[in-house]
Amino acid sequence: MSIISKVLLIVALAQLFHSGFSSYEFHQLKKQLAAGSSVAIDQISLPKDIRLEVLSGLILFTFSVFMSFGKLTYLPLSGKPVLLSQHEYLKEIDMNRATMTNNLIGSDPYGEITYTPNFVDVHAKRKELKQWLNDRESHDKVN
Amino acid sequence: MSSSEAFADIKSPVSIEFNRKVILRIQDITSLVYGCGAGILQLESLQGFGLFAISYISVAFVFFAWFCHFQPGKYFQSPVQEVLIDSLFRELAGFVMAWTFVYALLG
Amino acid sequence: MDPVKERFLTIEKTKYYTIASPAEVSSLYGQLKTYLGSGDQALTELEYMSLMRMLFDLTVYIGKDVEAEALYKTFADRLGENSPHLHVMKATLIQINDKDAAAENYLTTLLKDSLEYDTDALDYLLVSKKLLSIRRNSLTKEKFIRQVLDLVDKFPLDAELWWFLAQEYFGLGQFEQASYCLEEVLCIHPFNYVAFGQLGQVLYYKALRDKKTNKTATLEASLNNFLRSVELSETFLKGWSFIANISKELGKKELLELAKGKLMEIQKSDSQVDSATAKLILEKL
């Protein structure tokens, strides 16, 4: 949620709360008037400023909700962690376009099949990593 | 349908679900708050439902314009159905609940 | 959704970490540990558990055996030892702490004593796959493939098994069998564009070996599969690069131009790896 969205949300909620309280007081007054005098209270409607405040609160709130959804961003699975974006709020539904996000971040959505994860050779993997760690250590020592 | 036609029309279920969640979230929040607004304004009968209709349609319009760049077909299989009709009664229920609650609280 | 969380979940879901380079595994291990330690509130229980499962595999790869043991015990306390993934994890631990034979023994007893009679299909499948992965180095290719085929007979709808078989056949140069296996994968997942690409690749190698009369037909078939893959994914680098190559060989100028255009588009995209590869391929064309 962006900062603007949060600020708008606070202003909108404050306006709604304030107008709600004003409306409450107005109706209490109206009831008292009705009990104590012969004024035609049905003619008195909610003051314009309260109505405008409600309206403004509602509109600001709507914008705050929309703004709370930023453009979608992704981190690539490998390589430098740079935030990537396609400048979209939603995801396209056509398969050929939807899979572009996967290509962008370098992910294979069928990896569970294509990487054959259940057939990993644990020993080979460990050996490879050990080798790499040793290489890095000796490299660090040289520098 | 030939196979090439079939392949041209494949939709991604992940994207469909994601977009549906976004619009539902927006509608859920706004309809509750507009219900509160209707309660604060002490609207009664048709006036309240009128506010709901206006808010519901205008939120959908802003959504189409802002989030869909006026191309809802790219993000929804049948935009009118998914955005306006599917969640109508759900949102109406939320609206009426908030409306009556705030109305009774202030009145 | 938070991009950091989404990245971890994607890596877990696609099992990218099983093929990542050592440098990536090492950095991923550090990142994931910090992330899980930070206690992200947005993680659901299920997501947390699957990330822990990934952490277990990473600790095993990286050689932190004590930590892996501790992670296994956490899982066992939570879920009990009698569950599919726990069986596989335990076998892995036996493999690294003891010998392969011990792990093999553990899994075969498990299969014989209970899984043959249980109705837990997932458990049977996972344990059998783990058993095969352990036996892979000790058996001859023919015997090993026979055992995989036996398992395929029991689980004809498991795409990973078919894919694995295809790889084995491809390694042996038996392209006919490999393409058959990939077609089976496509029957199970008809929109798997990666499998279309792989099938195209197998056919391409077959065409290289074929005699002149058959060559064009096989190349055409291979091209069609690549075209289908890019129909499903517009920026699929492997698809476009093979399309460019094959259309060049077959003298299809229009298609070659289209593929070049698409490769240039990929080269300009933000994807680091794909963009560099596309550049190389364009230079070679």
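Me: What makes a residue in chain C count as buried, and what share of the chain is that?
Reply: A residue is buried if 20 or more other C-beta atoms lie within 10 Å of its own, exposed if 12 or fewer, and partly exposed in between, with C-beta atoms placed from the backbone. By that count, buried residues make up 40% of the 285 residues in chain C. Bear in mind that this is a predicted model, where local features need pLDDT of at least 70 and side-chain atom pairs count only at pLDDT 80 or more, while totals for chains, interfaces and linings use all residues. Residues are numbered from 1 along each chain as its sequence is written, and chains are lettered from A in the order in which they are written.

Me: What makes a set of residues a nonpolar core, and which residues have the most contacts inside the largest one?
Reply: The set has to consist of buried Ala, Val, Leu, Ile, Met, Phe, Trp, Tyr and Cys residues joined through C-beta atoms within 7 Å. The largest such core has 113 residues, and C:Leu58, C:Trp240 and C:Ile243 have the most contacts inside it. Helix 11 (residues 193–209) of chain C gives the most to this core, nine residues; a helix here is a DSSP run of H or I of at least four residues, a strand a run of E of at least two, numbered from the N terminus.

Me: How do you know which residues C:Trp240 is in contact with, leaving aside neighbours within four places in sequence?
Reply: Two residues are in contact if their C-beta atoms, placed from the backbone, lie within 7 Å. With those neighbours set aside, C:Trp240 is in contact with C:Val230, C:Ala259, C:Lys262, C:Leu263 and C:Ile266.

Me: How many residues put chain A in contact with chain C?
Reply: On the chain A side there are 40, in contact with 53 residues of chain C. Elements giving two or more residues to that side of chain A include helix 3 (95–105) and helix 5 (122–142). The residues of that side divide into 19 nonpolar, 12 polar and nine charged, where Ala, Val, Leu, Ile, Met, Phe, Trp, Tyr, Cys and Pro count as nonpolar, Asp, Glu, Lys and Arg as charged, and the others, Gly among them, as polar.

Me: Where is "transmembrane region" placed in chain B, and how much of residues 88–106 is helix?
Reply: The unreviewed UniProt entry places that feature at residues 49–67 and 88–106, though such annotations may be inferred rather than shown by experiment. Residues 49–67 of chain B are 95% helix and 0% strand. Residues 88–106 of chain B come out at 100% helix, with end C-alpha atoms 27 Å apart.
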